[in-house]
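I opened my notebook to write down what I looked up in this structure.

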Amino acid sequence: MHPEIALLNDFLLVGAALFGVGLIGFVSRRNMIVMFLSVEIMLQGVSLSLAAWGRFHNDFGGQTLVLFIIAVAACEAAIALALILTLFHRRCSLDIAAWHFLREANQPPFRDVPLPEEPAERREPWPRLPPAGVRPETFGEKDKYRPRV
Amino acid sequence: MFDVQTLLILIPVLPLAAALATAALGTRLLRGRSHVPVVTAIALSFVASILLVFQLQERIDERAAQPGSSRAAGVEEVVARWSWINVPDAMPHPVDGRAETPGWGNFNIEVSLRADPLTAVMLAMVTCISMLVAIYSIGYMRGDPGYWRFFAYVGLFVFSMTMLVSASNFLLLYVFWELVGLCSYLLIGFWYERPAAAAAGKKAFLVNRIGDVGFVLGIFLIWTTFGTLDFGGVFQSVGQHAGDWRVTAICLLLLLGACGKSAQFPLHVWLPDAMEGPTPVSALIHAATMVTAGVYMIARCTPLFAAAPDAQYAVALIGGITALLGAVIAITQTDLKRILAYSTISHLGYMFVALGTGTLLGITAGMFHLITHAFFKALLFLGAGSVMHAAGGVIDIRRLGGLRRRLPVTYWTFLAGCLSIVGVVPLAGFWSKDAILLSLHDRSGLFGGGLFEILYLTTLLGVVLIDFYMFRPLFLVFHGQEKIPPEAGDHLHESPGSMTAPLVVLAFGSVVVGAYFEWTHGFAHFLSFTPSFECLAQSGHAAIDTADKWRVATIGSVLTAIGIAAAAMLYLGSGKAVARLARAMNVFGLYSLSYGKFFFDPIYNVLVVWPLLSVARLAAWFDCMAIDSLVDRCGRIPKLAGAALRPAQNGLVQFYALAMVFGVLVLLGIMLM
Amino acid sequence: MTAADLRLLVPEIVLIAAAVTIYLGGAFSTARRAWSWIAAAALLLAAVALWSQNPSADGGSLGCDALARYVQWFALAAGALLVSLASRPLRFDGTPEYVGSLLLTVAGLMLVAAAEDIVLMFVALELISIPTYVLLYLGRDDAESQESAAKYFFLGVLASAILLYGFSFLYGATGSTAFSEIRAALDGTTILPPGFAVFARLAMVLVFAGLCFKVAAVPFHFYAPDVYQGTTHANAALLSVVPKAAGFVVMARILVAAIPGMEPYSWGVVLAVAVLTMTFGNVMALWQDDFRRLLAYSSIAQTGYILLALAVGLAARDAPGAWNGIVALWFYLATYAAATIGAFATMEYLGRAERRLDSVDDLAGLGRTRPAAAAVMAVCMFSLAGVPPLAGFWGKLLVFGGALSVDTSGTAGWWFTAAAVVGVLNAAVAAAYYLRIVAVMYFRIPLATPPARGGRGAWMSAVACALLVVGIGIYPGPLMRAGNFCDQQLPRVDAGAKHHSPPFGRQKNPPPPQSAPQFGMAATKKVSTPNAYHIRRTLVLSQTRVTTSCHIIFK
Amino acid sequence: MTNHQHILTLAVLLGAVGLWLMLPRGGARGRAVGTVLGIVALGLWFSQFHGLGQWTADGMFFVLAAIAVVAAVGAVTSRNPVYCAIWFGLSLLGTAGLLLLAGAQFIAVATVLVYAGAILVMFLFVLMVAQPEGKASCDQMSWEAGVSAAAGIAMVGVLSVAIGGILAPSCPAMPPIAPPTQEELAAGVLDPHQVARLGDELFGRRLIAVEVAGTLLLAALVGAAVIVNQFSGRRHDGQQKTV
């Protein structure tokens, strides 16, 4: 086995793995920022492949392309950040599934699968202000050991 | 001033231009003056036709003056304007050893017009009658909402008819054959809001279609047999095909076409119904011009028919049957225009008989009768129209009577027409009828052929019958006690000058034209220089015995006189004699047969129309229930497919991305397998 | 980078300079209407520059073949129409940015057409994409617009990553980024490890998939209806023309020209995608009420036809004349672009800033209330449906005729015949919804008169498109010849010289090394010349289509 | 099917199941099992690597590759977006190390600078602004975790099989491949003045692309500015937080 071929093989495999993992992230994660990060992971995979190919062919073309990928990724990141910010301001959520108003007319809206019940922390009752002129209710012992707000 | 070519082009183009102008400007600009362009154009065409006749006459005189020239070389001039269709080598050479026509297989259809005596005679007749009818129509159609439309149609008709008679190949002939049919359809159904008129137009069109199928098949067969459609090419090479079954078949198919257009048995049923059109139309198209197109076509195809004697017999036979049939039916009809229509059918039958003799004498006799018939039949129709005009549209002869005094011009001209049509010496009808009788007598005498003997006798019978059916309406309408239908109101009066003037002109023509032609021998001489008739020269035409001529003329005149006398006895007296006669005839069912028009319409209904309609209804039901619903279901498939796919478009970015990933995966899989 | 390159770049430089000027000027000036005029002037200047170029000059990473010229002219024309269409200033800030981004997309398309190198092509494609993201956001200011921008952005980024991965394999398989060298490497001119052809195949699939997003082909099309619906008419027009054209240029450059020897694989894939795409687009469009959504599905379906042309071009690349798929592709694209821009421009013109016309029902009775606009719209719809005297008919005729002229002696011919039949049936279905719009305009009672305050620019654009559609329909010759010319100059591989079908990596016997490429050997794929029989078949199919669609409409 | 395909298939299956277990599915059940399965799969998959020849370099490579891939998995599977970003940064570092190993110094540095230094920090910033409290439902639930994991891992598998199939030592197609020798590489991509040569390439042959990229950056800058600018002047559509 020629070491250069081995190197190429290994790099290509790692590149494919990064590409695939990024793909999974993009498809399954609903947080827009994580989705964008996943795309960047995919691009990392592409960059690794390109660099390895460039070495194998002893050519700078691959590295050049990687540089442009980085530049373009920066552009996309800028747009993505601006876009995600405005989207967040509209819906107050980073969930991409919150944006499915545009669809076929008769399709039901996306319903989130209900989260399994988390063990809810016991909530301490907050003190409430009574209406003016009414004597506040007291809780006896609890008033003394109320945790700090 | 004008040479033949210019005249030949001017004759059809003028009416066409007028028709287009009327169609374009009629509604806005011309309105009540719509007749001006059309009448002017037709009149100019008429003048051009006369000039054309004179030009040809000059050439004939030159030819005759040349020593050693014979009639065999006809006079003709062909103007080819442009090539309409040109497919070189459209047909392979014949494999069965048939001779080839020059230019075989080149499907080259030229828009070419020809001038020869036959065409010139037809052109003169057509434009003359058209002009008179158009002038008549000015008065007759005045006030009609479709005034401009009428004249546009008439202009179109004259264009088509003149092109028909001057076309120089079969395809062009067929095109204008159809075009005159179209004009006829449009004009029969001119008052299309009347159901009867619309139905009559449809009937005429459909019945004509049957004939046209024959004509088209004939043209196809001509093409495959002769490899050309040009008259000249076909007629030149027809001699090489003598005895070929194809020629007989061609002739029979052409005859079918002619039967349709000229209302011959058994396709005559449309013509009486066509009387639903305006009366000038009946006079022009359904009496004088269009219906003679069949006669013209057979005369034009004389070389073909001469090569197929069986077909000639068929022509004569059909003509004979029709002549008798029309006459018998006409006797009992009560509608004046229908009587005239059956009379037209009968007279067309005479012409066919004459053409069927296959001799130059017969053909010139037929054409002669065509010309004279055009005059007196147009006159009679226009006279009938004048009566209708006066009587508020009533045309039933039983409801009219004694109009002689009220409509003097109409009466006298109608009388002239009647005398002419029945063949009273020396009016036009006498000479042409005599020529036909003579040709039949000649043919039967020459060969002793059984068919022509019978036909001769049949025509003689027709000569008697014609007196009955022509004098019956004359006596009933104009003589006897005055009967005025209520529709006429109280203003029964003579028609205006624009209507009576053509009547007078036509009456004059009906009286003198026959004698003029006969005494000068101009007509036969002129016509015999038609190239189509060259082939008859070789058949050896013996000079006609003067004694024969006298005998036939005498027999005809005597029969006519007897008929007139009988008719006068029957119809001038009380109606009892008529009724008694009708009852007597009805013992054999003859009266009912005649009155019921030999029941052609019901028979056709049962044999043809009803089965066809049933099949059509069945097909429509099948189409509606089976095919249509199937197509509907198929049409629903895409929409259902869309409905099935719609959930995919659920608006979720993640789903879309997953679809893309799967797309890539599938593509990769296909690629790497 | 040489002086020759610079000269070739003048039109793009003009456009980019104008865009940058507008960007910068927009920060300081508030003259909202001037920007469109500047953009128009820049387009005119670029056209002059393009006209005065010497097409025979040879640039390094810039191609200047006829295909490039054709697409550059196409880009300028489409750009002019789009600038005119979008000439009404936005209701809020962002007009200069909008116009500048529009110019940048046009410049990007021109660069894509000229790129002869993967790197430049990638950057040029991004020069289309990134301004498009901005444009999509800028057109409107509601949630729908944001949603459509977000959808297009995220899916676009994903597609671009897939495309890049494909590029990486293309580079890896051949060791070069220049198309000429890639082509040389793959057609056997340069010695290459034979197994590497599999990488080329991977590259082809991934590149094709990435581009399918740009042209909206199934299953990469999902964004299109949502995005079109959520954006403005001008943006929808842009989306349906510019990225599509770019995608098809790259497909022509890479699939047809740069990857030789792959046709036996590629045409099948392209054909399958084409059939799926046209069917999906058409059946879905039957259900739509929203105008832009309807046209989005229509554009998907039209992509299917264009892909069919591409498949023909792959399977029968030596077909002569007009029946060549690539010619059909460019002709079809041009006619489609004219009709689509015309339709969107008419809608834009009919609305006003505060109220767009969105629904097909908004067009009810337009034939009476706005006859001229209705006529323009009807012309565009008829052309999209492929009704004979109009441009779209010739496009469909070329596409289906080309598909039917693929030699029927092999299996390819049968597949193409089947695809043509499916295509014709599809066109019948398509006619149903195109003509539905016409029917709504002419046979329904008007509810309200559309305000028609969309601006003179939009109207000019609409009328220009209608005239183009009619003009090309009446006289399609010049455009066909232009496309024909572009095919003749596409680099062509001699069929005898390519190594055949290197199967996936594990062939037992490597093919005998070819001592020298043999040029001029007879082509292995026979292409039957189109004859009367083909034309008749095509016409019969069209006839069926018309009849069927009549049934669908009127039942 | 060769041995190598068997191993890859097994690795792919295990990897898919492991990833599915690790992805957020609303609860934390099976995460540990998933991690174990994932590590096993990764080990199997690594066994298909051919190694670089020397054990130090091998070791370095394996460590960096493991960092890159495991951190990427972490970035994809982590519940907390902030952790996602940090995992992503780690993955970037691994990638950058791999790039260094391949001899591409400049892009390694550029990756760290641009991605880790600029983009990642910005993202973290946005995350902090947008979601200070964490625990959004969208982070707790993936969308169709199983299908996505299967699809993505299938992609990895297909690509691995394809790549490994061509570059495997047993492949008869190998002989014609003539990889560059060390001397050639030293004169080429591994030139000591490699960055200078890269620059040469960039500003020589690729100048047009560089200019276009510059335009692109300007467009993105202006675009981002105008996008943010617009929303600041705009009303909300009244929707409240839907957490």
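**Entry 1: what I am looking at**

I noted at the start that this is a predicted model. I kept that in mind for every entry after this one.

**Entry 2: chain B as a whole**

I looked up the make-up of chain B and found 26 helices and 2 strands. Chain B has 673 residues, and 58% of them count as buried. I then checked its contacts between residues with a separation of 6 or more, and 82% of these join residues 24 or more positions apart. For the accessible surface of chain B I wrote down about 25,900 Å². Carbon and sulfur atoms hold 69% of that surface.

**Entry 3: chain D as a whole**

Of its 243 residues, 52% count as buried. Among contacts in chain D between residues at least 6 apart in sequence, those joining residues at least 24 apart make up 65%. The accessible surface of chain D is about 10,900 Å², and 69% of it belongs to carbon and sulfur atoms.

Next I turned to helix packing. Two packed helices are described by the angle between their axes and the distance between the axes.

I took α11(B), residues 293-300, and α14(B), residues 336-356. At what angle do the axes of these two helices cross? They cross at roughly 5 degrees and come within 10 Å. An angle under 35 degrees counts as roughly parallel, so α11(B) is roughly parallel to α14(B). From α11(B), the residues in the contact are B:G294, B:V295, B:I298 and B:A299. From α14(B), they are B:L348, B:M351, B:F352 and B:L355. I sorted the contact of α11(B) with α14(B) by class and got 7 nonpolar residues, 1 polar and no charged.

I then looked up α4(B), residues 147-166, which also packs with α11(B). The angle here is about 15 degrees, and the axes are 10 Å apart. This pair is therefore roughly parallel as well. I recorded the crossing of α4(B) and α11(B) as left-handed. On the α4(B) side I listed B:M161, B:L164 and B:V165, which meet B:A293, B:Y296 and B:R300 of α11(B). The classes in the contact of α4(B) with α11(B) are 5 nonpolar, no polar and 1 charged.

**Entry 4: a helix pair in chain C**

In chain C I looked at α5(C), residues 118-138, and α10(C), residues 233-258. Do these helices run roughly parallel or roughly antiparallel to each other? Their angle is about 170 degrees, with the axes 11 Å apart. An angle over 145 degrees counts as roughly antiparallel, so that is the term for α5(C) and α10(C). Their crossing is left-handed. From α5(C), the contact includes C:M121, C:L125 and C:I128. From α10(C), it includes C:L238, C:V242 and C:R253. The residues of the contact of α5(C) with α10(C) divide into 11 nonpolar, 2 polar and 1 charged.

**Entry 5: backbone exceptions**

Most residues other than glycine have a negative phi, and most peptide bonds are trans. I looked for exceptions.

The peptide bond from B:F265 to B:P266 is cis, with omega near 5 degrees. B:P266 sits in the loop between α8 (245-261) and α9 (270-273) of chain B. Another cis peptide bond joins C:V218 and C:P219, with omega about -5 degrees. I found C:P219 in the loop between α8 (196-215) and α9 (223-230) of chain C.

For phi, I noted A:N58, which has a positive value of about 55 degrees although it is not a glycine. A:N58 lies in the loop between α2 (32-57) and α3 (61-91) of chain A. With a relative accessible area of 24%, A:N58 is partly exposed. D:E144 also has a positive phi, near 50 degrees. Its place is the loop between α6 (137-140) and α7 (145-167) of chain D. D:E144 is partly exposed, at 42% relative accessible area.

**Entry 6: a glycine in chain B**

Last, I looked up B:G105, in the loop between β1 (77-87) and β2 (107-115) of chain B. Is B:G105 buried or exposed? B:G105 is buried, because its relative accessible area is 0%. B:G105 and B:G227 are 122 residues apart in sequence, yet their C-alpha atoms are 4.8 Å apart in space.

Key: Residues are numbered from 1 along each chain as its sequence is written. Chains are lettered from A and ligands numbered from 1 in the order in which they are written. This is a predicted model: local features need pLDDT of at least 70, side-chain atom pairs count only at pLDDT 80 or more; totals for chains, interfaces and linings use all residues. Side-chain values use heavy atoms; hydrogens and water are left out. Axes are lines fitted to C-alpha atoms, for helices over the stretch in contact, and angles run from 0 to 180 degrees between N-to-C directions. Helices (H or I, at least four residues) and strands (E, at least two) are DSSP runs, numbered from the N terminus. Angles under 35 degrees count as roughly parallel, over 145 as roughly antiparallel, 65 to 115 as roughly perpendicular and the rest as oblique. Contact means heavy atoms within 4.5 Å. Ala, Val, Leu, Ile, Met, Phe, Trp, Tyr, Cys and Pro count as nonpolar, Asp, Glu, Lys and Arg as charged, and the others, Gly among them, as polar. Buried means under 20% relative accessible area, exposed over 50%, partly exposed in between (1.4 Å probe, protein chains only). Accessible areas come from the Shrake-Rupley method with a 1.4 Å probe; for residues, only the protein chains shown count as cover. A crossing is left-handed if the near helix is turned anticlockwise from the far one by less than a right angle, and right-handed if clockwise.
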